[in-house]
Amino acid sequence: MVKEMRSVAMAALLLCVSGGAALADGDLFIRELTLTPEQVARHAPRPADPFALEEALAVAVMREGNARRAEVGLGTLSPDPALADAARRFSQKMRDMAFFSHDAPDGETLEQRLPAEDKFRYAQLGENLWSGQGALDWRANSLSMQATEDWILSPSHRDNLLEPGYQVAGVGVAVAADQIFVTMLYGRPQIDAASARLGAVYSTAPTDLYTLTGDVERETLATFNNARGEQGLPVLAMDGTLAREARSHAEATLWAGGLPAASTEGEPVLRRVLNDPANRTSALTMLAWEASGGIVWEGASLSRAALRSWQKQGTSMGDILNSRYTRAGIGAASDGRRVFISVLLSETSDPYTQVLTSGEPLSVINGGTLSTLSGGSFVTLE
């Protein structure tokens, strides 16, 4: 008669999907328990059909894990079907290929655990593994308590199980002749899964920056007009002259050091526009935005990020939604490390009206902070 129960758990690995952090080596946690013949006799035997046990144990491990989190005041992990499918597949792989590790013999690691269409839904992933064999009590509640107890006793497992940032999880179980494999995947979902996918695909600057900046200019105008349409406002027409001036400002500001130079570089642009009777304007606003670090190098994503920044500045969004403005000029520039967007918004006045500016400074930065994503609005000139 078997008199020994052996439960084995491999320490958890942590992977930040968005950051591509290297995986750390895990320690091996082994606990051995000698049982008396009477204790072995009281254990439930292995079921003839293990499928029901696999399903029940997956539910029980999730329930027990949440109970452990509740003990320390942490929130409940919600079941996640994609994580559960990936966990089940990996438990079955460990059983079928007779190994116990976060790295499979075929090269699969935690980073490849999820299909590409699912992986970008998560900002962070973690994994706990557990395996028990020998004189097991083949009841789901007993096994789940044993697995979670082993995880609590292992620092790296405990860190995953009790990680406050995780919000969802999935458990997968596979049963062999005398052994059980349990995989529990933890995740922190992306707030915006579409942006996460774009961030992964467009994580480096393209070689053709001219095409990128052209896309940014077109998408920014479309983003503005979508926002105006939601308020029942007429669309802004792209003005060629304003666009050239905005592009000139974007390029000059970028090469002058970025957003801190926007006001200085913007003054001659504003003066040229106001003093040129062909522009037919007596009201003009300039918006500026810069992105650096962690950029998603894709036009629509950049334009939406800029709009979100301007939305946080009430005055800037008020200019974008100003019904008085009918024309826009949008310019973008990039050096492969940063992206700068400059916007000129103008009304159309009587063609004979001409605004002659004095020699006094025209523009000042109105709000905005210098950060990874920052923006500013220039004062409206009339």
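**Exercise 1. What do the buried residues of α2 pack against, and which residues are they?**

*Solution.* Let's begin with the partners: the buried residues of α2 pack against β4 (78–79), α3 (81–97), α5 (140–153), α6 (155–161), β6 (168–175) and β7 (179–189). Keep in mind that this is a predicted model. Next, find the residues themselves: L53, E54, L57, A58, A60, V61, M62, E64, G65, N66, R68 and R69 of α2 are buried.

**Exercise 2. What span should helix α2 have, and what distance separates its end C-alpha atoms?**

*Solution.* Helix α2 covers residues 51–71, which is 21 residues. The expected span is 1.5 Å times one less than the number of residues, so α2 should span 30 Å. The end C-alpha atoms are 31 Å apart, which agrees.

**Exercise 3. How do α2 and α5 cross, and which residues make the contact?**

*Solution.* First, the axes of the two helices, α2 and α5, come within 8 Å and cross at roughly 45°. That angle makes α2 oblique to α5. The crossing is right-handed. Now look at who touches whom: α2 contributes L53, A56, L57, A60, V61, R63, E64, G65 and R68, while α5 brings A140, N141, L143, S144, M145, T148, E149, W151 and I152. Sorted by class, this contact has ten nonpolar, four polar and four charged residues.

**Exercise 4. Is S91 buried or exposed?**

*Solution.* Locate S91 in helix α3. Buried means under 20% relative accessible area; S91 has 0% relative accessibility, so S91 counts as buried. Leaving out residues up to four places away in sequence, S91 touches G172, V173, A174, F181, V182 and T183.

Definitions and conventions. Residues numbered from 1 in each chain as written. Predicted model: local features only at pLDDT ≥ 70, side-chain atom pairs only at ≥ 80, totals over all residues. Heavy atoms only, no water. Helix = DSSP H or I, 4+ residues; strand = E, 2+ residues; numbered from the N terminus. Buried < 20%, exposed > 50% of the residue type's maximum accessible area, 1.4 Å probe, protein only. Contact = heavy atoms within 4.5 Å. Axes fitted to C-alpha atoms, helices over the stretch in contact; angles between N-to-C directions. Parallel < 35°, antiparallel > 145°, perpendicular 65-115°, else oblique. Left-handed = near helix turned anticlockwise from the far one by under 90°. Nonpolar A, V, L, I, M, F, W, Y, C, P; charged D, E, K, R; others polar.
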